[in-house]
Amino acid sequence: LTQGLTLLREKATRIGDPIAIYYSPRSIQTHWMLDSEADGSWWLERDAEFERAHSSALLQLNAWLMLLEDLGYAPRFVHPEQVVAGELQKLKFKAVVLPRVTAMSGAEAGALRDFAQGGGLVIADGDCATFDEHGRRRTGLDIVGPERPIGLLDREFGIARKDLLISDRNGRFLGNIEEARVRLRDPVSGHPFGPDSLELRALEPGVLSTGAWNNAVSAGGAAALLSKPLGMGRMFYLNLSLQDYPAQRQKTAGADFHFHGVDIKEYIKNYGQPSGGEALRLVIGDILSEALPSGLQLRGDDGAPLRNVRRARFKLGREGSLLALLPNAAVEPKEGEAPANNTSAWVLLEKERHWYDVRAGAYLGAGASMRVELEPARARILAALPYKVERLSAKVRRVDSRGQYKLSAGVVASSSPGMHVFR
């Protein structure tokens, strides 16, 4: 822990993308209460392993983390107290995701409004702020009419609710999949566009648009993919079920996937073979591209975006980068089974760089992209430098008559070198 890579990591600066995931302990507790209702007298049996597979809050958090990583982003988590203190603005975030943040205080809602007013994107997947900070249901009974903006931010999102039905509960999708199927449509002409797949399912069947730009609708009539400007920013209410994304991404794209206006052969030629979760990635990626630069991109030998790889990026000096790539083992191999094969990956950067395998201490070549092999469950550490290391220089000088020596080491490079660690 005091040598080599650890020292280099300590000297480097983590480059996080300006997107935050809202971590709400109150919402996790509220979802535990709602999920436990389905268990009846068996709720005491909900241990950690059961929660991992059935907790609506944890499933949604995990789905968002995997989805954003698959899009090449390295999100950071924020706590409600940080948001209320204005950390979203201080840390220069450009977008914040609310994963089933069902419990919210007035102070939290006000801070999110301020963030959007200042130019940020606020993205809620659904079931947002319908409970207060004490876990009490907001009813909207003071509002006249059958369609009520019950959630604390419903007016900002431009939505109302006929009811409070939720299709995801206790780790299962309880709604009618065909009725929940969401299709994108042009808000003006009504013509379909974009990706079409059963992976796009409405989370709340009773959501209606009341002033938002409505970009999709479910077969059952629920509004989805709603957006509304607020100040210099924008509010997005997706109304999408995402909790199955980790399972979807392990599969090939369903036979029902297609992209309106693009033949499937043309789609494969331009974007690679679609894989599970393709429709969700396209929709969320398009929304985020409005405010965020592209994340660290990985592609396979066929040119298709590479999934199931966690990625982290660190800044070394002024222009150098330290990259860490770790394939996700979706399913651990059983005893006696052969481990998964290596994965070939092309790493893409914005500028031409000199590439090094840090563990092996090997020079890989130069270019704006580099092909590497990723081993299962082992991080590949790469350095991408704006110069090539020509050689190392070392000087030894005797400092006293007792036999003490001083060693000085340095890097000789094609231009002024940055930060290096000797081991």
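Colleague: Which residue stands opposite valine 78 in β3?

Modeller: Tyrosine 22 stands opposite valine 78, with residues numbered from 1 along each chain as its sequence is written. This is a predicted model, in which local features need pLDDT of at least 70 and side-chain atom pairs count only at pLDDT 80 or more, while totals for chains, interfaces and linings use all residues, and side-chain values use heavy atoms, with hydrogens and water left out.

Colleague: How do you know that β2 and β3 are paired, and in which sense?

Modeller: Two strands pair if DSSP finds at least two bridges between them, strands being DSSP runs of E with at least two residues and helices runs of H or I with at least four, numbered from the N terminus. β2 and β3 have 3 bridges, in the parallel sense, so they meet that criterion.

Colleague: What makes β3 and β9 the edges of the sheet?

Modeller: The open sheet has 8 strands with mixed pairing, in the order β3-β2-β4-β5-β14-β13-β12-β9. β3 and β9 each have a single partner strand, so one side of each is left without a neighbour in the sheet.

Colleague: Which helix packs on this sheet, and which strands does it touch?

Modeller: α4 packs on the sheet and touches β2, β3, β4 and β5, its direction making about 170 degrees with that of β2.

Colleague: Why are α2 and α4 called oblique to each other?

Modeller: The two helices pack at an angle of about 125 degrees, with their axes 7 Å apart. Axes are lines fitted to C-alpha atoms, for helices over the stretch in contact, and angles run from 0 to 180 degrees between N-to-C directions. Angles under 35 degrees count as roughly parallel, over 145 as roughly antiparallel, 65 to 115 as roughly perpendicular and the rest as oblique, and α2 and α4 are therefore oblique.

Colleague: Which residues make the contact of α2 with α4?

Modeller: Ile28, His31 and Asp35 of α2 meet Ser56, Ala57 and Leu61 of α4, where contact means heavy atoms within 4.5 Å.

Colleague: What makes a set of residues a nonpolar core, and which members of the largest one touch the most others?

Modeller: A nonpolar core is a set of buried Ala, Val, Leu, Ile, Met, Phe, Trp, Tyr and Cys residues joined through side-chain atoms within 4.5 Å. Of the 38 residues in the largest nonpolar core, Ile19, Trp64, Ile123, Leu238, Ile284 and Leu288 touch the most other members, and α4 gives the most to this core, with 7 residues. Leaving aside neighbours within four places in sequence, isoleucine 284 is in contact with Trp64, Leu67, Leu71 and Leu238.

How values were computed: Buried means under 20% relative accessible area, exposed over 50%, partly exposed in between (1.4 Å probe, protein chains only).
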